[in-house]
Amino acid sequence: MTTVNVYLSFNGNCEEAFNFYKTVFGKEFNYIGRYKDAPESEGPIPAGYQDKVMHVGLPISKETLLLGCDVCEELSGQKLVQGNNFSICIGVGSEAEGHRIFDALSVGGQVVMPLENTFWATLFGMVVDKFGISWMLDYSECQTPECEGGC
């Protein structure tokens with residue numbers, strides 16, 4: 001099943017914002033991970049980012065998640081500004097569906113992160129389509145609620 005969620009990016013205050021959203025929606029995080037939790041193979045984490053939020057998920061309903069992170073410019077190469085601080089996150093049900101959607105969104109656009117295996121997902125990639133819209137695509141073989149999952 002394909003899902004669509006919003007992924008919000010912050011400049012160091014993700015945890016504060018998501019604690020606020022918890023009170024607004026009356027929900028609890030299904031996952032919160034910090035940059036220090038990343039495997040050492042991912043490389044060194046810049047000073048000041050160890051305890052920043054690498055990924056957080058807040059279930060809004062059975063079908064919808066509000067997702068977020070603190071953007072680390074040294075790691076992502078992306079400078080966070082108003083207007084590029086959110087992405088549409090597509091969760092797909094199969095690798096084939098993931099490749100089909102990612103490839104289609106990439107036509108005339110710019111691949112920010114190739115669709116590939118990561119330590120958090122079977123497939124994950126980011127692209128800005130030809131209309132300037134930021135997309136994330138996520139597929140995890142584990143499809144249970146216990147999975148840390150992304151989209």
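How many nonpolar, polar and charged residues does the lining of the largest pocket have? The structure examined is a predicted model, in which local features need pLDDT of at least 70 and side-chain atom pairs count only at pLDDT 80 or more, while totals for chains, interfaces and linings use all residues. Residues are numbered from 1 along each chain as its sequence is written, and side-chain values use heavy atoms, with hydrogens and water left out.

The lining of the largest pocket has 25 nonpolar, 12 polar and 6 charged residues (Ala, Val, Leu, Ile, Met, Phe, Trp, Tyr, Cys and Pro count as nonpolar, Asp, Glu, Lys and Arg as charged, and the others, Gly among them, as polar). In total, 43 residues line this pocket, and Y35, M113, W120, F124 and M126 are those nearest its centre. A pocket is here an open set of points on a 1 Å grid over the protein atoms alone, where a 1.4 Å probe fits, with protein on both sides within 12 Å along at least five of seven lines; lining residues have an atom within 4 Å of a point. The space in the largest pocket amounts to about 1,100 Å³. Elements giving two or more residues to its lining include β1 (3–10), β6 (110–116) and β7 (123–128); strands are DSSP runs of E of at least two residues, and helices are runs of H or I of at least four, numbered from the N terminus.

Two of the residues nearest the pocket centre, W120 and F124, also form a ring pair: their ring centres lie 5.2 Å apart with planes at 65 degrees, so the pair is edge-to-face (centres within 6.5 Å; planes under 30 degrees apart are stacked, over 60 edge-to-face and the rest tilted). F124 is buried at 8% relative accessibility, whereas W120, at 35%, is partly exposed (buried is under 20%, exposed over 50%, partly exposed in between, with a 1.4 Å probe and protein chains only).

The structure holds 7 aromatic pairs. In one of them, F18 and Y21 have ring centres 5.4 Å apart and planes at 80 degrees, so this pair is edge-to-face. Both residues belong to helix α1 (residues 14–25), 3 residues apart, about one turn of the helix. F18 is buried, with a relative accessible area of 1%. Ring pairs join F18 and Y21 with F10, F20 and F29 in a cluster. The charged end of K22 sits over the ring of F29, 4.6 Å from its centre (NZ of Lys or CZ of Arg within 6 Å of the ring centre and within 35 degrees of the ring normal).

Terms used: Grid points are joined across faces, edges and corners, and a volume is the space filled by probe spheres set on the points. Rings of Phe, Tyr and Trp (its six-membered ring) pair if their centres lie within 6.5 Å; planes under 30 degrees apart count as stacked, over 60 as edge-to-face and the rest as tilted.
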